[in-house]
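This briefing is for a reader who is new to the structure. Please look over the sequence and the model before reading on.

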Amino acid sequence: MNPIRSLSFLLSLFISLNGFNQLNIETQLNLNTAEKLFQKAQFAEALTLFKKTSSTTEYATHLKQKIIANTGVGKCYLQMEMIPEAHAVLTDTYQNVLGEFPDTSVVLLSLKTYLSWSYAHLGDLNKELEMSYELIESYKACSGDMRLEIADTYNTIATNFSLRGDLQNELFYIKKAVELIDSVEATKELSLEEQFSKSNIYSSYSVASLATENFTIALHYANKTLTFYNEFLPHYRPIAIPYLIKSKYFSAYEKNLDSSLFYINKALAHLEADFGDGFPGIQSQVWLAYAATKARIFNTFGEYGQAHLVLDYICDNWQIEADKTLIYNPSLLIVYNELGKNNYLLGNIDLSVKWYKTGLNLINKNNLKDHKFKFKLLVGLRNSYAIQENWEKAIDCQKKALDLFGYDFSKDSFIKSNQIILNPAPIECGTQTALFLSDYSKELAHYFDCSEKEIMFRSLQYFKKSISMHLNKKLYLFEVGINEGYGNENINLYEGALALIVRLEKHYPEQNFSQEALWIIEMSKSNLLKKAVYSDNLYESVLSVEDQNERNLIRATIFEAKQNITADNDTTLGELRKAKQRYSQFNATMEKNYPSLKKQHNFSLMPIANMRAKIDNQEKNNQLTLNYFQGDKHLYYTSTINGKVRLFQKIIPLNFEAEITRVMDLFLIDNIINKITETDNIWFEKLCQDWYKLLIEDALIANPETNKITIVPHRNINYISADYLGYTAQNSFRYLIEDYPISYHYSQFVSPKNNTNSKKRITFGGFAASDCGILSKNPLDQELSHVNHGEIPSTRVEIEKIASLFKGDAYYRSTPEEFKSKSANYAILHLALHAITDNENPDQSRLFFCSNESNTPFYSLTASDLAVMNFNADMTVLSACNTGIGKLKEGEGVLSLMRVFLQTGSNSVISTLWEVSDEKTASIMIDFYKELNKNKSKSEALRQAKLNYLASHNGADRLPYFWSGLVIYGDDSPLNQAFFKEVPFYKRSKFYLSATLMILVISVLIFYRFKASKS
């Protein structure tokens, strides 16, 4: 419960001002003391004094005092969770004073507030909502500033809609509460009581954000709530709530069991400090939420025995049977769901059925027809009935689950479309329906007297509908700025769909389901990046320079505000909201001013028919594209070549992720140079062969005509360089790069823009930090860098030699200002710099330049700085450490510096997967550009440069660390030959020199022969 402390404060003030005129001294002191005890959370003591005061006053002679005392009794009962008692005294008081006071009376407002809470705890949500709306109108009619009280009531209304499972209205009202409380804070300094209300509202906003999978905002507001509680109310019981939110954040979003358990145990510590070792016999909503959340964490991470211990403790120490429970408590539903799930996972199906039914009975008893937990309970009960082969009851549960969200089982369509966008439950509904039909296709086919193929087709349709809902939700949230776009992916949804397609292909090989699989895999990744690339290209092709500059300025403001929010800066939330509103208004204006933009701007998911058309029209050039999806149990990937698509399924090794981590740890420069052993070499070579069999071999066997490979990675595969994968041939190990050019994409069907206006650009711009002469004076830069950001001598040689091939410029001590002002002028950008990756906050990954003056401490550009720039490059080369890696976000990929350059205008980007050797990287880069000058594709040129390196090095210098970390993303076509300098005749090629010598020899021979014949 979130008590409104401001109302308590107003009541205590009212008592003080009216005490001596209408009350004797003893009654006044009792009310004052009781109110103070209540504010200190000493509810039992406060209850005794409020009861004493009530018994010594009468409605006839002391009306106001009687109401205050009875309201005090009711709110103490509410805090002690004696809900029926609270409701009885509050209802009786309200009926006795109807018509006695104006609606704006403080005592009546307080009474109605606590009465509405009693309705909520009894499950009568309609009554609570009705009274909350009445309170809003009463507050608006008051003469004073009642914004704080209105904000509190909006919070109550939001909670009401949360209990109904209506996330759209919940988010609407809680955001109104936040905006109102922020407006109060902007006009005055908040008192302790008012700050308490603000923290309660922030806590509710955090919960709502978590429900809509807006994890960044949820964590931010949970931290803000904790800051207040820890400073002013360190022992207050609801402090456990933000800790529970943080625990769920780490379990659901970061998939981190240790951190999740750490924060949930912090929640327990605060509960124990409040209650002591022996919890009271009353039911505590917060403690139940703690216990249920901990059980859910253990169930999620497969620790079923640990979850069972927690749930056993609940059953032994709490009365949680539905027929004995008089109050509605949302945390009980979590307990029932986890009890059902845990027993199901442990094979105790009868107990599983019992607990799922117990939860449903509680919901039905309280008439909560649309509660969000009802769906989970119905799905759990359905699965339990399916195990018991009670198909009639299982199907009945399935239909009821679909009905909750307005899904017409016969027509396969949603009726209540307004719930689709924000509420993740309909997506889960479609997913669970698809899984049910897929898992029990044979049994259901027998029950419905139809073919199994029919059931499986229907399942596939549910999967595809759910995927479309999932992606449309992500794109909608990204568009309106509700979250930052890097949401958690629904792995079960995509993996379930792909597993079904594997079965369909096996049973019905005459039909081509691989293209369906390709669409699903393509839809599973980087859709927000693709949207950003697509939208940016449209804007830049249509908008005037002035409009583009205004757009970039707004985006820069948004990125800056996002950085500060991550740093938990209180002053920037309003700025971020204003900037997003300004951005929305700007986009609307642009669509009005540029009609062609409006027609093309909306990003929609690629229909399968369009994808098939692209495949059919693909150039028949023997280029193999491998598109991966890494599930929790299986790896799926499609191969596309010459218009043919195939699907492959492989079991993921249990230690796959751990081995990738070991490789990345091994590929640290100090390990490679000083510590790598022969044992490491043997292990790594075997691993390269194992991964080759897992990721590549089947596709190459099925497509022997392959002459080039393009990889679209997913999840951990982003950290693997395909170059070093290989096989043993003729008793020696052969790398994949020795056979094929290799390039990478974030998407198989959406690429960055194609810059063709090369005549208006200078060909080459090389930016290095070779001649800086000074180090950073910024402690932050020094702390983040972990390396000496002094001169890098080899980079001067690198860009000098490359620049000699091009019509362009080289900057040896380039500064951030210089780069920002000149980078858009070049068709080729080459950055030979230091770089670092910030995995915690990807926006803070950065490139290090030189300082422009000795007294200027800042000399780096962050990903946020780069993201608001416009690059006009056909190719960007990031010849720096770790530019191709970063934080991995499921469903979006790696948030790296390389990604920023792709998103902001570069056709292709060459980057690095680890810390690279300056000298050896420089030699490969120089050879790479020489090969490009021979009109080769970028991947062919990079392959040849690496082969040249391997041919000229021996021993440890041939380790993949030195050459395989350079990868190319994006457009792979050859560079425009107009970019290269005209080479003098005598240097053009060995062919011309040989031809000249041959002509000379022939001329001499002809001369002597002619002379001999004449003589």
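The notes below go from the whole chain to its cores, helices, strands and single residues.

The model is predicted: local features need pLDDT of at least 70, side-chain atom pairs count only at pLDDT 80 or more, and totals for chains, interfaces and linings use all residues. Residues are numbered from 1 along each chain as its sequence is written, and side-chain values use heavy atoms, with hydrogens and water left out.

**Overall make-up**

- The protein has 41 helices and 20 strands; these are DSSP runs numbered from the N terminus, helices being H or I with at least four residues and strands E with at least two.
- Of its 1015 residues, 58% count as buried. Buried means under 20% relative accessible area, exposed over 50%, and partly exposed in between, with a 1.4 Å probe and protein chains only.
- Among contacts between residues at least 6 apart in sequence, 71% join residues at least 24 apart. A contact means heavy atoms within 4.5 Å.

**Nonpolar cores**

- A nonpolar core is a set of buried Ala, Val, Leu, Ile, Met, Phe, Trp, Tyr and Cys residues joined through side-chain atoms within 4.5 Å.
- The largest nonpolar core has 106 residues, and Tyr724, Phe819 and Tyr929 have the most contacts inside it.
- Helix H32 (residues 678–702) gives the most to this core, with 11 residues.
- A second, separate core has 90 residues, including Ile349, Val353, Trp391 and Phe749.
- Leaving out residues up to four places away in sequence, Phe819 touches Phe767, Leu829, Leu831, Phe849, Leu861, Leu866, Met869, Phe871 and Phe901.
- In soluble globular proteins, nonpolar side chains tend to be buried together.

**A helix pair**

- Two packed helices are described by the angle between their axes and the distance between the axes.
- Helix H23 (residues 491–507) packs with helix H24 (residues 514–523) at an angle of about 170°, and their axes are 10 Å apart. H23 is therefore roughly antiparallel to H24. Axes are lines fitted to C-alpha atoms, for helices over the stretch in contact, and angles run from 0 to 180 degrees between N-to-C directions. Angles under 35 degrees count as roughly parallel, over 145 as roughly antiparallel, 65 to 115 as roughly perpendicular and the rest as oblique.
- On the H23 side, Tyr494, Ala497, Leu498, Ile501 and Glu505 meet Ser514, Glu516, Ala517, Ile520, Ile521 and Met523 of H24.
- The residues of this contact divide into eight nonpolar, one polar and two charged. Here Ala, Val, Leu, Ile, Met, Phe, Trp, Tyr, Cys and Pro count as nonpolar, Asp, Glu, Lys and Arg as charged, and the others, Gly among them, as polar.

**Strands**

- Three strands form an open sheet in the order S13-S14-S15, with antiparallel pairing. Its edge strands, S13 (834–836) and S15 (860–862), each pair on one side only. Two strands pair if DSSP finds at least two bridges between them.
- Neighbouring strands of this sheet are turned by 20° against each other on average, direction ignored.
- Three bridges link strand S14 (residues 846–848) to S15 in the antiparallel sense, and Leu847 has Leu861 in S15 as its bridge partner.
- Elsewhere, strand S7 (residues 726–729) and strand S8 (residues 732–735) run antiparallel and are joined by four bridges. The bridge partner of Tyr727 in S8 is Arg734.
- The hairpin of S7 and S8 has two residues between the strands, and Gln730 takes a positive phi near 55° there.

**Single residues**

- Glu389 is not a glycine, yet has a positive phi of about 60°. It lies in the loop between helix H18 (372–387) and helix H19 (391–404), and is exposed at 59% relative accessible area.
- Asn882 also has a positive phi of about 60° without being a glycine. This residue is in the loop between strand S16 (875–878) and strand S17 (887–889), and counts as buried at 14% relative accessibility.
- Lys198, in helix H10 (residues 192–211), is buried with a relative accessible area of 13%. Residues up to four places away aside, Lys198 touches Ile181, Glu185 and Leu190.
- Ala295, in helix H14 (residues 285–300), is buried with a relative accessible area of 0%. Its C-alpha atom and that of Leu339, 44 residues apart along the chain, are separated by 8.6 Å.
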